[in-house]
Amino acid sequence: MAKFRNLLAAAIAAAGLGLAPVPVEAAETPAPPEHTWQFEGVFGTFDRATVQRGLQVFNTVCSACHGMKYVHFRNLKDIGYNKDQVEAIAAQYTVTDGPNDQGEMYQRPAEPTDAFPFPYKNKEAAKNANNGAVPPDLSVITNARPGGPEYVRAVLLGYEKAPEDANLSPGQYWNKYYPSHKISMPQMLVQGVVDYQDGTKATPKQMAHDVTAFLHWASNPHMEERKRLGLKVILFLIVLTAMLYAVQRKIWADVEK
Ligand code: HEC
């Protein structure tokens, strides 16, 4: 209804003033606020302490509903964990394996070669538990959404009191940055939900920053390698240009005289 009213208002304004109507979606969902990340820029890297805290948030909070089917526990050694630590983190998760000799599927603790499992038996069970919405796989979420990490961080912090005419169904929450505003994920990052191992104060903003940085690593595990290679290529091109210039000067030195 609100959408229709806005559309009508925009159409009237456009007819009256000869202006193009404002796109309704853009007008309704504000752009996520700018945020500074350590991984930005040519020299940006994933700060190990940040992404490790982000993993702690994911393990403690997000993994109750979300999986990451393209992120394997063994990949965690890229963010500073050794073999034993990777095994210990994997063992906190349960995966379904099989069939065994009797043809039955069975549950076992996850191993480094497993991916972060989807915690529900199937999509229907997930829907049933989440007001009809399936918690999406978060493997590439910061690449998959327009607005990237800024958007993910904004949604995690964007819970507000719903307007009077919002008509939320039970199990829906009002989120300033979610496209329809009505999201079936409750506000998860509240004070006290995580107790950081490294002593950092786990405010909602800190947790949102850390877990989003972790998810951005998950989406772009080769970013650091790519940037390093890019820099090497540029350095090589500079050296090559200098050498070619020197050679050119030498070759033409006599001719110019
Ligand atoms: C209680 C279950 C639950 C938990 C815990 C949970 N989520 Fe969600 N999440 C959902 C559901 C359900 C949706 C789909 C919402 C919808 O479609 O309305 C969702 C959607 C999302 C989205 C996608 C938004 C979009 O644009 O589609 C992101 C990103 C997300 N969750 C991140 C997280 C992170 C990060 C955490 C941990 C801090 C987390 N979630 C914890 C249930 C959960």
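Me: Which element supplies the largest share of the lining of the largest pocket?
Reply: This is a predicted model, so take it as such. Three elements, H7, strand E6 (182-183) and H8, each give at least two residues to the lining of the largest pocket. The largest share is four residues, and it comes from H7.

Me: And how do the residues of that lining divide into nonpolar, polar and charged?
Reply: The largest pocket holds about 770 Å³ of space. Among its 34 lining residues, Pro136, Val155, Tyr178, Ile183 and Met185 are the closest to the centre. By class, the lining comes out as 27 nonpolar, five polar and two charged.

Me: Switching to the largest nonpolar core, which residues have the most contacts inside it?
Reply: That core has 45 residues. Helix H3 (48-60), strand E1 (68-72), helix H4 (83-91), helix H7 (148-157) and helix H8 (204-219) each put in at least two, with H8 giving the largest share, eight residues. Setting aside neighbours within four places in sequence, Leu76 touches Leu55, Tyr81, Val86, Ile89, Phe116, Phe214 and Trp217. The residues with the most contacts inside the core are Phe58 and Leu76.

Me: Is Arg108 buried or exposed?
Reply: Arg108 sits in strand E3 (residues 106-109). The cut-off for buried is under 20% relative accessible area. Arg108 has 17% relative accessibility, so it counts as buried.

Me: Which side chain makes a polar contact with the side chain of Arg108?
Reply: Beyond its neighbours within four places in sequence, Arg108 is in contact with Tyr93, Thr94, Val95, Asp97 and Asp114. The side-chain polar contact, at 2.9 Å, is with Asp114.

Notes
Residues numbered from 1 in each chain as written. Predicted model: local features only at pLDDT ≥ 70, side-chain atom pairs only at ≥ 80, totals over all residues. Heavy atoms only, no water. Core = buried A, V, L, I, M, F, W, Y, C linked by side-chain atoms within 4.5 Å. Buried < 20%, exposed > 50% of the residue type's maximum accessible area, 1.4 Å probe, protein only. Contact = heavy atoms within 4.5 Å. 1 Å grid on protein atoms, 1.4 Å probe; cavity = no way out; pocket = protein on both sides within 12 Å on 5 of 7 lines; lining within 4 Å. Points joined across faces, edges and corners; volume = space filled by probe spheres on them. Nonpolar A, V, L, I, M, F, W, Y, C, P; charged D, E, K, R; others polar. Polar contact = N/O pair within 3.5 Å; in protein donor to acceptor, adjacent residues only side chain to side chain.
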